[in-house]
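User: I'm new to this one. Can you walk me through it?

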Amino acid sequence: MTLRRWTLGAAALTLTAVAVPTATAHADSAYVPPGRVTVEVVGANGSGCPAGTADVAAAPDNTAFTVTYSDYLAQAGAGAGGTDFRKNCQLALRVHVPQGFTYAIARADYRGFASLQRGAYGQERAGYYFQGQSQTARTTHQFGGPYADNWQASDQTGYADLVWAACGEDRILNVNTELRVYAGSSSPQTTSFMSMDSTDGSVNTVYHFEWKQCPAV
């Protein structure tokens, strides 16, 4: 038996990007560039995002972009397959920004729904990096049963530690996420699951931009 489809709350996910920079910094997070920012999925790999199940959209005010999944659920216990306890997704994103600006991901907010039996536990993990650069350290958030509610986790990076996209270069931003559910000491007749998906687009991850201007050439 496969447990599916819960409507999850909206998720806000803020990521930090990588940079090369000698640019004028703007500590004010409300600062955004003029023009239009676009984000597109150019690759998706992993059991948590089968083909056609991950969509991305930039906020109209250039402050963030959202990723919405429609088939992202990990489960363990009765009825779960041997590999169902772990689901992951790596998205390759092309972010087009206005000329003369670069960005970083300052915060990532993740949200979903979990049904964890007593003795079971679930984990959400995430990391991100630019093409050709080292991956940021993955963060792990753990939730223990009994638990039956929306879950939320946030990763925030201080301004001094932000990783900026290289000015004037079109590099792919890779976003990695993972859900794990362990039955632990829960009853073998029960099933636990953790989800980060949505059938109606109401649940998404939001990556919040930090912006700065590139040096004049």
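Analyst: A term to begin with: helices (H or I, at least four residues) and strands (E, at least two) are DSSP runs, numbered from the N terminus. This is a predicted model, where local features need pLDDT of at least 70, side-chain atom pairs count only at pLDDT 80 or more, and totals for chains, interfaces and linings use all residues. Residues are numbered from 1 along each chain as its sequence is written, and side-chain values use heavy atoms, with hydrogens and water left out.

User: Where is Asp84 found?

Analyst: Asp84 sits in the loop between β5 (73–77) and β6 (86–96).

User: Which residues is Asp84 in contact with, leaving aside its neighbours within four places in sequence?

Analyst: Those are Ala74 and Gln75. Contact means heavy atoms within 4.5 Å. Along the chain, Asp84 and Leu179 are 95 residues apart, and their C-alpha atoms are separated by 10.0 Å.

User: What is the nearest side chain of opposite charge to Asp84?

Analyst: Lys87, 4.5 Å away. Asp84 is buried but has no salt bridge. Buried means under 20% relative accessible area, exposed over 50%, partly exposed in between (1.4 Å probe, protein chains only). A salt bridge is a side-chain nitrogen of Lys or Arg within 4 Å of a carboxyl oxygen of Asp or Glu. For charge, Lys and Arg count as positive and Asp and Glu as negative; His and the chain ends are not counted.

User: And Asp155, what is its nearest side chain of opposite charge?

Analyst: Arg107, 9.3 Å away. Asp155 is in strand β10. Asp155 is buried and has no salt bridge. Its side chain makes a polar contact with the side chain of Thr139 at 2.6 Å. Another polar contact, of 2.7 Å, joins the side chains of Asp155 and His141. A polar contact is a pair of N or O atoms within 3.5 Å; within protein, one must be able to donate a hydrogen and the other to accept it, and residues adjacent in sequence count only if both atoms are side-chain atoms.

User: How many salt bridges are there in the whole structure?

Analyst: The search finds six. One of them joins Glu178 and Arg125, with the closest N and O atoms 3.9 Å apart. Glu178 lies in strand β11 (residues 173–182) and Arg125 in strand β8 (residues 121–130), so this pair ties together parts that are 53 residues apart in sequence.

User: Is Glu178 buried or exposed?

Analyst: Glu178 counts as buried, at 3% relative accessibility. Arg125 is partly exposed, with a relative accessible area of 22%. Glu178 also forms a salt bridge with Arg180, whose closest N and O atoms are 2.2 Å apart. Arg180 is buried, at 19%. Shared partners join Arg86, Arg125, Glu178 and Arg180 into one salt-bridge network.

User: New topic. How many helices and strands does the protein chain have?

Analyst: Zero helices and 13 strands. Of the 217 residues in the protein chain, 47% count as buried. Contacts with a separation of 6 or more come 85% from residues 24 or more positions apart.

User: Which residues have the most contacts inside the largest nonpolar core?

Analyst: Phe65, Tyr69, Leu91, Tyr103, Trp151 and Phe209, in a core of 38 residues. Strand β7 (residues 101–116) gives the most to this core, with seven residues. A nonpolar core is a set of buried Ala, Val, Leu, Ile, Met, Phe, Trp, Tyr and Cys residues joined through side-chain atoms within 4.5 Å.

User: How many aromatic pairs does the search find?

Analyst: It finds 13 in the whole structure. The rings of Tyr69 and Tyr72 have centres 5.0 Å apart and planes at 85°, so that pair is edge-to-face. Tyr69 and Tyr72 are both buried. Rings of Phe, Tyr and Trp (its six-membered ring) pair if their centres lie within 6.5 Å; planes under 30 degrees apart count as stacked, over 60 as edge-to-face and the rest as tilted. One aromatic cluster is formed by Phe65, Tyr103, Phe130, Tyr207, Phe209 and Trp211.

User: Last one. Which peptide bond is cis?

Analyst: The one from Gly145 to Pro146, with omega near 5°. Pro146 is in the loop between β9 (139–144) and β10 (147–156).
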